[in-house]
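This report describes how the parts of one protein chain meet and which side chains pair. The sequence and structure are shown first.

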Amino acid sequence: MALIKCDKLECGYEGKAVTAPISLSVERGDYLCIVGENGAGKSTLMKTLLGLQLPIAGKLEIGDGLKKKEIGYLPQQTQIQRDFPASVWEIVLSGFQGSCGLRPFYNKAEKAGAEKNIEKMGITHLKNKCYRELSGGQQQRVLLARALCATKKILLLDEPVAGLDPKLTLEMYKLISKINKEEKITIIMISHDINAAYQYATHILYVGDKIFFGKKDEFVESDLGKHFYAFMGGSDGRNN
């Protein structure tokens with residue numbers, strides 16, 4: 001059964017759709033990249049998938065036992081969030097807030113899970129550091145560790161490499177790919193990096209005047225995919 005299924009889903013604000021109708025099905029272990037031009041509604045779609053906004057039209061189904069509070073989310077950061085005065089440990093542990101319910105404390109299992117995800121992201125040495133003192137790449141690793149605390153099934157990532165230099169960008173992509181392949185966690189990622197989408201994704205969702213959803217290879221070979229690839233200035237490594 002699909003983790004997420006959309007049937008002619010339209011997303012937008014104040015009763016006005018900003019996306020064309022979207023139909024898709026995301027299965028466990030998929031790596032879906034959402035691509036499209038600026039202003040096409042990619043982030044609006046992601047907020048709708050998270051339940052932060054209601055659909056304008058169509059159907060959105062969450063299945064396979066997945067609960068909305070079990071979806072890990074890494075949003076784009078604002079400057080205020082980058083200056084947040086909390087420790088790395090506090091931020092990562094807060095990823096378990098959804099599972100705490102009314103309980104006012106974190107239990108041993110949750111603390112152990114936070115430790116594991118901090119180690120997994122290679123930031124154990126930063127555990128007691130203040131978040132706002134970290135570099136952009138370090139902050140993204142902290143937020144990814146936090147998102148992992150919220151889920152064992154699916155991560156939604158909104159431009160996770162925005163503002164990072166090429167070396168840190170590659171490291172982040174490799175971390176995300178490892179999480180997908182080794183832990184079988186489904187990835188839904190908004191990306192402006194068409195080369196990364198072609199390298200790592202199993203499926204592509206193109207959001208624009210036209211909608212495409214399908215396997216990566218199908219998008220690569222489609223007229224829409226070829227046009228968008230050229231428009232985005234993709235390199236010759238698209239078939240890697």
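Between domain 1 and domain 2, five residue pairs are in polar contact, both residues at pLDDT 80 or more; a polar contact is a pair of N or O atoms within 3.5 Å, where within protein one must be able to donate a hydrogen and the other to accept it, and residues adjacent in sequence count only if both atoms are side-chain atoms. On the side of domain 1 that touches domain 2, strand S8 (154-158) and helix H7 (166-183) are the elements that give two or more residues. H7 supplies the largest share of that side, seven residues. The residues on that side of domain 1 comprise twelve nonpolar, no polar and four charged. In this division Ala, Val, Leu, Ile, Met, Phe, Trp, Tyr, Cys and Pro count as nonpolar, Asp, Glu, Lys and Arg as charged, and the others, Gly among them, as polar. Helices (H or I, at least four residues) and strands (E, at least two) are DSSP runs numbered from the N terminus.

The model is predicted: local features need pLDDT of at least 70, side-chain atom pairs count only at pLDDT 80 or more, and totals for chains, interfaces and linings use all residues. Residues are numbered from 1 along each chain as its sequence is written, and side-chain values use heavy atoms, with hydrogens and water left out.

Domain 1 covers 1-66 + 153-240 and domain 2 covers 81-152, with bounds from an automatic or database domain assignment. Their centres, taken over C-alpha atoms, are 25 Å apart. Contact (heavy atoms within 4.5 Å) involves 16 residues of domain 1 and eleven residues of domain 2. The two domains bury about 1,100 Å² between them, 66% of it on carbon and sulfur atoms. In domain 1, the most area is lost to domain 2 by Leu 155, Met 172 and Leu 175, together 36% of what that side buries. Buried area is the accessible area (1.4 Å probe) that two parts lose on being put together, summed over both.

The structure holds five salt bridges, each a side-chain nitrogen of Lys or Arg within 4 Å of a carboxyl oxygen of Asp or Glu. The count between domain 1 and domain 2 is two. Two of the pairs in the structure are tabulated.

| Salt bridge | N to O distance |
|---|---|
| Arg 141 and Glu 171 | 3.3 Å |
| Glu 115 and Lys 127 | 2.5 Å |
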